[in-house]
Amino acid sequence: MSLDEPESNVWNGLFWVIQLFICINAVAKSFLQENKGRMLYFYSISGPASFVLAKLLFNSLLMLVMSLLSLLLFTLFLGNPMHKAGSFIGLVLLGGWSLSLVFTFLAAIAAKAQQNAAIMAVLGFPIIIPQLLLLMQLSKAAFAPLLTIPASTVLLLVALDAMVVLLAVILFPFLWKD
Amino acid sequence: MHKSWWKIASVVLLVYTFVAGFLWDVPRLPLLQETIRNLYFHVCMWFAMMILFTVSVVNAIRYLRTFNLKYDIYARQFAVVAIVFGVLGYSTGAIWASYTWADPNKPAYNSFSTIARDPKLIGAAIALLVYFAYLILRDSIQDMDKRARISAVYNIFAYAILFPSIWILPRILPSLHPGNEDNPALDVKNDISGTMRVVFYPAIIGWTLLGLWITTLKIRLALVKEKMMTHE
């Protein structure tokens, strides 16, 4: 092996940064690739709330699969520093879900602004940093044998996710009509 | 004249803040000493910023309810002035940190990485970046109605995620970083004595009213510009 296995802090940081970029690239496609004709078709068959919920659901599932895939690749190529593998996998799924929800809504905004994925990153990075910081703190506990994962922080993340879904349902109708 | 009482109040309160803030007695706390007077300026900047961002979001909501373009202009101008207050809050904070947090035995820039990692600073930076992104988004769209609608949606969405997280983040992260708890500069709010409150609360009101005043001037200018554009 030409590369050494990184220590757990570096592993953790790298993992979440790569999750962030996976999410931007995977989720951006969902709105930016829809052309006008297809949007018109969606417009005729469904309402805004069910449309955005469907998008959120699809992107969540996509991101959960991608998260598990990147976790597998990380453990294969960079070693396995996890002490509590089960809880870390749970955190990865929770994190992937949080990222996908926020970026799905931002992709909707960016698509309406007729911009490329770059504006999505500009809009999204500052908003996602608090959640990423919390996720990194939580996953640090999964790497150390003596720390326990605080349940209140996990609940906070779940509450934030619920709020994002709620906001998306409330605000999407304003993006939907043109 | 009857409508300008709050402008007079702003000036009076700010004069009071400067005079009393610089001359009155303050408690001598270890490490802080006289720098505690910065409380009347630094903390008030953040208060004013948060209040102005909140007003901006309220105007974004009003726009989405009425589709009156006036409220979109209000929302943008309040956000711009709030950003100015945020930058001022950062610079007053940097001066304060260089006297209290920085290691006096080393050059100030050596302490920068330790200070910049504080969760409160990260939260403040995020708040400013979110509203810079708001301005970028708003100015990148040509069509007026579309611009107003999309930027109002982003304004509400960003505010609703940003503000809970910047209030909660500093309360969660220091518990995992025990180094922060030893720093008395973070606990300044618990140490405020009665004499400081007498200056601190009027100072918040004074700075916020000043921000409001600046914003009303900017709004009037923007409305006049808008009128000229539509009449051409």
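Q: How many residues of chain B are in contact with chain A, and with how many residues there?
A: This is a predicted model. In it, 26 residues of chain B are in contact with 24 residues of chain A.

Q: Which helices of chain B supply at least two residues of the side that touches chain A?
A: Helix 5 (119-139) and helix 6 (144-176) of chain B each do. The largest share, 17 residues, comes from helix 6 of chain B.

Q: What classes of residue are on that side of chain B?
A: The side of chain B that touches chain A has 23 nonpolar residues, two polar and one charged.

Q: Okay, switching to helix 5 of chain B. How many residues has it, and what's its reach from first C-alpha to last?
A: Helix 5 of chain B has 21 residues and reaches 30 Å, close to the 30 Å expected at 1.5 Å a residue.

Q: Which residues in helix 5 of chain B are buried?
A: Among them are Gly123(B), Ile126(B), Val130(B), Tyr134(B) and Leu137(B).

Q: And where do the buried ones fall, seen down the axis of helix 5 of chain B?
A: They fall within an arc of 150 degrees, so they line one face of helix 5 of chain B.

Q: At what angle do helix 3 and helix 5 of chain B pack?
A: Helix 3 (residues 69-100) and helix 5 of chain B pack at about 145 degrees, with their axes 10 Å apart. Helix 3 of chain B passes helix 5 of chain B in a left-handed crossing.

Q: Which residues make that contact?
A: From helix 3 of chain B, they include Ala79(B), Ile83(B) and Gly86(B). Helix 5 of chain B brings residues including Ala127(B), Leu128(B) and Tyr131(B). The residues of this contact divide into nine nonpolar, one polar and two charged.

Methods: Residues are numbered from 1 along each chain as its sequence is written. Chains are lettered from A and ligands numbered from 1 in the order in which they are written. This is a predicted model: local features need pLDDT of at least 70, side-chain atom pairs count only at pLDDT 80 or more; totals for chains, interfaces and linings use all residues. Two residues are in contact if their C-beta atoms, placed from the backbone, lie within 7 Å. Helices (H or I, at least four residues) and strands (E, at least two) are DSSP runs, numbered from the N terminus. Ala, Val, Leu, Ile, Met, Phe, Trp, Tyr, Cys and Pro count as nonpolar, Asp, Glu, Lys and Arg as charged, and the others, Gly among them, as polar. The expected span of a helix is 1.5 Å times one less than its number of residues. A residue is buried if 20 or more other C-beta atoms lie within 10 Å of its own, exposed if 12 or fewer, and partly exposed in between; C-beta atoms are placed from the backbone. The arc is that of the directions from the helix axis to the C-beta atoms. Axes are lines fitted to C-alpha atoms, for helices over the stretch in contact, and angles run from 0 to 180 degrees between N-to-C directions. A crossing is left-handed if the near helix is turned anticlockwise from the far one by less than a right angle, and right-handed if clockwise.
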